[in-house]
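User: Can you walk me through this one? I'd like to start with the packing.

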Amino acid sequence: MTRALRGPRAGDEMRSAPAPARFRVLHFLPDLAMGGGQQVLCRHIAAMDPRLFAHHVVYFLPCHDCADAFREAGAMLHDLGPGSGLRWLSTLRRVVTLVRDESIDLLHTNGTPVDKLLGQLAALR
């Protein structure tokens with residue numbers, strides 16, 4: 001039987017394992033309206049262990065119906081505001097800065113063109 005299965009022997013030092021670093025996830029949503037995708041994502045965030053995961057949610061449209069629910073679930077919200085034309089370049093720059101500053105490990109995009117475009121471009125940076 002190996003030592004790991006038997007446990008420590010008398011006289012062995014007990015060392016605590018270092019706490020694992022939290023996995024940082026950036027979720028993209030078009031808005032925080034009371035839609036199905038928003039509710040599913042909010043439930044998933046609430047169900048995950050906050051000691052292991054840090055959730056950031058970016059959104060682009062001014063509807064905030066679910067903002068309180070996301071905050072209660074433990075998500076950090078980032079309103080990147082609407083954009084059109086050249087403002088999308090500024091929005092992309094803000095997403096890239098957020099990814100860098102928060103050391104994001106995973107970008108989670110949804111089905112809207114805005115989410116996919118900004119997420120894919122940010123992932124390339």
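This is a predicted model: local features need pLDDT of at least 70, side-chain atom pairs count only at pLDDT 80 or more; totals for chains, interfaces and linings use all residues.

User: Which residues of α4 are buried?
Analyst: T91, L92, V95, V96, L98 and V99. Seen down the axis of α4, the buried residues fall within an arc of 160°, so they line one face of the helix.

User: Why would residues a few places apart end up on one side?
Analyst: An α-helix has 3.6 residues a turn, so residues three or four places apart point the same way.

User: And which residues are exposed on the other side of α4?
Analyst: R87, L89, R93, R100 and D101.

User: How many residues does α4 have, and what is its reach?
Analyst: α4 has 15 residues, 87–101. From first C-alpha to last, α4 reaches 21 Å, close to the 21 Å expected at 1.5 Å a residue.

User: What follows α4?
Analyst: S103 does, and its phi is positive, near 50°. S103 has that positive phi although it is not a glycine. S103 sits in the loop between α4 and β4. With a relative accessible area of 40%, S103 is partly exposed.

User: How far is A122 from L107?
Analyst: 8.6 Å, C-alpha to C-alpha. In sequence, A122 and L107 are 15 residues apart.

User: Switching to charges. Which side chain of opposite charge is nearest to D31?
Analyst: R71, and that is 14 Å away. D31 is buried yet has no salt bridge.

User: What does the side chain of D31 reach, then?
Analyst: The backbone nitrogen of A33, at 3.0 Å. There is also a polar contact of 2.9 Å between the side chains of D31 and Q38.

User: Where is D31, and what is it in contact with?
Analyst: D31 lies in the loop between β1 and α2 (36–47). Apart from neighbours within four places in sequence, D31 is in contact with Q38, Y59, L61 and C63.

User: What does R71 pair with?
Analyst: The side chains of R71 and D68 meet in a salt bridge at 3.4 Å, N to O. Being three residues apart in helix α3 (residues 67–73), R71 and D68 are separated by about one helical turn. R71 is partly exposed, with a relative accessible area of 49%. D68 is exposed, at 53%.

User: How many salt bridges does the structure hold?
Analyst: Four. Another one joins the side chains of R51 and D49 at 2.7 Å, N to O. R51 is exposed, with a relative accessible area of 63%. D49 is partly exposed at 24%.

User: Which salt bridge involves R100?
Analyst: R100 pairs with D101, at 3.4 Å, N to O. R100 is exposed at 55% relative accessibility. D101 is exposed as well.

User: Still on α3: is A69 buried, partly exposed or exposed?
Analyst: A69, which is found in helix α3, is partly exposed at 34% relative accessibility. A69 and A46 are 23 residues apart in sequence and 9.2 Å apart in space, C-alpha to C-alpha.

User: Zooming out, what pattern does the chain follow?
Analyst: Along the sequence, the chain follows α-β-α-β-α-β-α-β-α. That comes to five helices and four strands.

User: What share of the chain is buried?
Analyst: Buried residues make up 33% of the 125 residues.

User: And what share of contacts comes from residues 24 or more positions apart?
Analyst: 68%, taken over the contacts in the chain with a separation of 6 or more.

Conventions:
Residues are numbered from 1 along each chain as its sequence is written. Side-chain values use heavy atoms; hydrogens and water are left out. Helices (H or I, at least four residues) and strands (E, at least two) are DSSP runs, numbered from the N terminus. The expected span of a helix is 1.5 Å times one less than its number of residues. Buried means under 20% relative accessible area, exposed over 50%, partly exposed in between (1.4 Å probe, protein chains only). The arc is that of the directions from the helix axis to the C-beta atoms. Lys and Arg count as positive and Asp and Glu as negative; His and the chain ends are not counted. A polar contact is a pair of N or O atoms within 3.5 Å; within protein, one must be able to donate a hydrogen and the other to accept it, and residues adjacent in sequence count only if both atoms are side-chain atoms. Contact means heavy atoms within 4.5 Å.
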